[in-house]
Amino acid sequence: MALKQITSRLALRATPLIRLKPNKTVNLGWRGFSAAPQQVQPSITASAALLQRKRLYSTISSALYGEGSSIDASKKNILPEFDLKGKVVVVSGGAQGLGLALSEALIEAGATVHALDLQDKPETEDFQRVASLSLSLNDKEFVYHRIDVTHRLQVDQTFAEISEAEEGHIDGVLAAAGIQNICPALEYKSEDFDKMLRVNVTGCFNVARAGAKQMVEAGNGGSILMIASMSGSIANKGLICPAYNASKAAVVQLGRNLASEWGVHNIRVNTLSPGYIRTNMLTSLFDSHPGMEQQWEGDNMLGRLSTPDEYRGAAVFLMSKASSFMTGADLKIDGGHTAW
Ligand SMILES: NC(=O)c1ccc[n+]([C@@H]2O[C@H](COP(=O)([O-])OP(=O)(O)OC[C@H]3O[C@@H](n4cnc5c(N)ncnc54)[C@H](O)[C@@H]3O)[C@@H](O)[C@H]2O)c1
């Protein structure tokens, strides 16, 4: 169906979606729908509005995913382009923290997730919850692979195995494995600096490339999201970690370059730059650096640190068709820390 036809249908049918008192004039202002003021029709009954809404969702779903799409587009308040049903996503650093929280979000959106991590398979309550959710929601296992992302051959081999097990499907890669180290530059040992770059940059590259190789082979394109940090574009007040910050700047720059190379294969590459998140990575720093937590809370416009779940929407957005024209970009979510 032509885009023009779709948008004109949306403009026609969007009105009943808005819950308003009869005769109230609103400016819907939705890009691609209609920016013109709309008059709500008081004669539309609740059931007629529901029927219209179902038809509208079915039109969107068919237009985006083809006729007979299995996507349940009538789910209340969920746009069909965020649906990850049938998609396979590999998440590095998926044992805990941000990687685990984002795995949970992807599973909730319908994806089958494979987690890669250096640790033995976790037996934590959080990990068990995500594993059970995957089985109950999608009838798919939350598969765990214990690997070191700095070992290229191990990473390539694991992606080849995942691709084979998933019948050639790897639709998304989320590279979240990373390490942090506080140390003044004058005291930084070369081997520690090297390790930081090896895990945070080379490890990220290994994972992205292994995923892209499988995507190119399958010919279906895909989406790659690498977790950088706001620390990739600033020097953090009171946080002395030159190697970490350099590594995250490298991840952002790597993202742009991979995007420019792989766009021809319909593989999108973006980075996400979070602000401070309450995960093990940070809480272990707070234990050794009293006062740091309070200082950081005051360093952003919302006066607090973030939690891993505040990045769920971004992960689903960037792994799904909702971001289909986005590549080579860095999405900063930092409570305004870098916007002062
Ligand atoms: N916590 C924050 O404030 C914050 C802020 C911005 C960005 N980030 C980034 O988010 C990502 C996740 O961080 P987090 O806070 O969840 O940390 P975390 O320490 O809780 O989790 C990191 C995970 O990466 C795994 N890992 C480390 N080295 C690995 C290797 N060589 N191979 C495979 N797995 C390895 C760890 O085992 C761990 O499970 C990191 O890239 C981090 O730099 C964190």
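A: In this predicted model, the axes of α3 and helix α4 (residues 125-138) come within 9 Å and cross at roughly 10°. An angle under 35 degrees counts as roughly parallel. The two helices, α3 and α4, are therefore roughly parallel to each other. The crossing of α3 past α4 is left-handed.

The contact draws on both helices. From α3 come L100, S103, E104, I107 and E108. They meet D126, F127, V130, L133, S134, L137 and N138 in α4. By class, this contact of α3 with α4 has 6 nonpolar, 3 polar and 3 charged residues.

Helix α3 (97-108) also takes part in the ligand site. It supplies at least two residues of the shell around the ligand, as do α6 (190-218) and α8 (280-288). In total, 28 residues surround the ligand. The closest are G93, G97, G178, T279 and M281. Sorted by class, the shell has 14 nonpolar, 12 polar and 2 charged residues.

Now the sheet. An open sheet is formed by 7 strands, with parallel pairing, in the order β5-β4-β3-β6-β7-β8-β9. At its edges stand β5 (143-146) and β9 (330-333). Each has a single partner strand, so one side of each is left without a neighbour in the sheet. From one strand to the next, the twist averages 20°.

Terms used. Residues are numbered from 1 along each chain as its sequence is written. This is a predicted model: local features need pLDDT of at least 70, side-chain atom pairs count only at pLDDT 80 or more; totals for chains, interfaces and linings use all residues. A residue is near a molecule or strand if its C-beta atom, placed from the backbone, lies within 6 Å of it. Helices (H or I, at least four residues) and strands (E, at least two) are DSSP runs, numbered from the N terminus. Ala, Val, Leu, Ile, Met, Phe, Trp, Tyr, Cys and Pro count as nonpolar, Asp, Glu, Lys and Arg as charged, and the others, Gly among them, as polar. Axes are lines fitted to C-alpha atoms, for helices over the stretch in contact, and angles run from 0 to 180 degrees between N-to-C directions. Angles under 35 degrees count as roughly parallel, over 145 as roughly antiparallel, 65 to 115 as roughly perpendicular and the rest as oblique. A crossing is left-handed if the near helix is turned anticlockwise from the far one by less than a right angle, and right-handed if clockwise. Two residues are in contact if their C-beta atoms, placed from the backbone, lie within 7 Å. Two strands pair if DSSP finds at least two bridges between them.
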